[in-house]
Amino acid sequence: MKKNALTPLCGLIIITFLLLIGLGTFLFIKPSNLPKAINLGGDFTLQSADGPVSLSDYQGKVVAMYIGYTSCPDVCLTALAIMRQAFISLPEKQQPYVAGLFISVDPERDTPKKLKTYTQFFHPAITGLTGSKEEIDAVVTQYGAFYRLVNMEGSAMGYAVDHSSRIYLIGPEGQLLQTVSHNASPVELIEALQAILSTSK
Amino acid sequence: MKKILMAALLCQSTLALADIEVTEQYARAVPHGQLNSAAFMTLYNTDTTSLDLISASSPVAQHVELHTHSNVDGIMEMRQIDKVVLLANQKTMLKPGGFHVMLIDLLQELNDGGSIPLTLHFSDNTTQTITLPIKFAVPMKIDHSMPHKHAE
């Protein structure tokens with residue numbers, strides 16, 4: 001009787017142990033495999049207030065790209081403010097070789113015209129882009145970003161947009177090189193931009 | 001004379017109720033045509049009991065709400081909240097990426113260098129009206145002495 005009660009318990013313990021080893025191995029291996037498995041980035045075309053804009057239009061420049069929405073008065077503004085700060089702090093002769101892109105995932109509220117006013121407020125080299133939901137979703141997937149519309153019942157805003165918040169740094173050949181957090185310091189962004197500029201000559 | 005008296009009374013009532021010290025307050029300058037902005041500040045509850053900030057109001061926006069941002073596995077989620085708990089003898093910061101006062105459907109432009117009034121409503125039925133300078137959203141001061149080491 002006693003033996004019968006113990007055996008399933010022992011079995012369970014062994015299974016749990018094996019599962020934990022399996023999980024541990026998976027977690028250990030996964031991070032190093034990810035960058036090889038997923039090739040992020042690439043060219044795209046979206047709409048600006050002055051017509052269609054492709055990433056390939058910026059060949060030869062380092063592009064800092066952010067995906068967000070203008071009704072977000074907090075992190076998106078912070079990201080663009082960092083971008084502005086970095087751009088104006090670069091030595092004058094490097095300034096023509098950097099550009100910013102702000103992609104709105106909220107085309108219902110963010111028209112290309114509104115995006116232009118928004119991005120120009122920060123820096124003339126930042127262009128606001130958006131498109132149809134399908135076009136936006138394609139870019140979001142391409143860059144491993146994420147967003148979802150969330151109803152905010154009782155809020156005058158109606159809905160919020162949850163979104164990943166990174167500044168993507170794209171090299172002069174259009175290749176995605178690295179990402180910087182929206183709450184990085186402008187100095188971090190400047191150094192990252194300059195590191196790319198210095199290796200791409 | 002009446003006005004001066006009223007002003008004096010108002011000042012007095014604010015002082016008498018000032019268990020919450022507001023510092024580092026500012027509202028964000030936003031681009032022309034932008035409908036929303038946010039206000040940030042540090043609230044120091046100098047009292048021995050906890051108090052909640054339950055709402056805010058301002059003549060510059062049609063709606064004023066309390067919101068928070070949280071970073072959930074790299075996804076920024078903005079949500080409306082009912083209150084900000086101000087623990088006794090503690091400072092609570094409303095700052096970018098966290099608690100903030102949302103100014104929704106702005107009735108006027110918020111330009112850098114200007115200022116706006118904001119009334120804070122607390123759970124003990126007191127209110128406090130503060131003036132917030134409007135600032136351009138620069139996240140932090142940049143060290144201008146930093147050498148441009150990759151410049152050449």
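## The interface of chain B and chain A

Between chain B and chain A about 3,400 Å² is buried, and carbon and sulfur atoms give 65% of this area; buried area is the accessible area (1.4 Å probe) that two parts lose on being put together, summed over both. This is a predicted model, in which local features need pLDDT of at least 70 and side-chain atom pairs count only at pLDDT 80 or more, while totals for chains, interfaces and linings use all residues. Residues are numbered from 1 along each chain as its sequence is written, chains are lettered from A in the order in which they are written, and side-chain values use heavy atoms, with hydrogens and water left out.

The table gives the contact (heavy atoms within 4.5 Å) by chain.

| Chain | Residues in the contact |
|---|---|
| chain A | 43 residues |
| chain B | 41 residues |

Across the interface the rule finds two salt bridges, a salt bridge being a side-chain nitrogen of Lys or Arg within 4 Å of a carboxyl oxygen of Asp or Glu. A:Asp162 forms a salt bridge with B:Arg79, with the closest N and O atoms 2.8 Å apart.

On the side of chain B that touches chain A, the elements that give two or more residues are β2 (37-45), β4 (61-72), β5 (75-80) and β8 (100-106) of chain B, and β5(B) gives the most, with six residues; strands (E, at least two residues) are DSSP runs, numbered from the N terminus.

Strand β7 (residues 159-164) of chain A pairs with β5(B) in the antiparallel sense over two bridges, where pairing requires that DSSP finds at least two bridges between the strands. A:His163 stands opposite B:Met76 in β5(B).

Key: Helix = DSSP H or I, 4+ residues; strand = E, 2+ residues; numbered from the N terminus.
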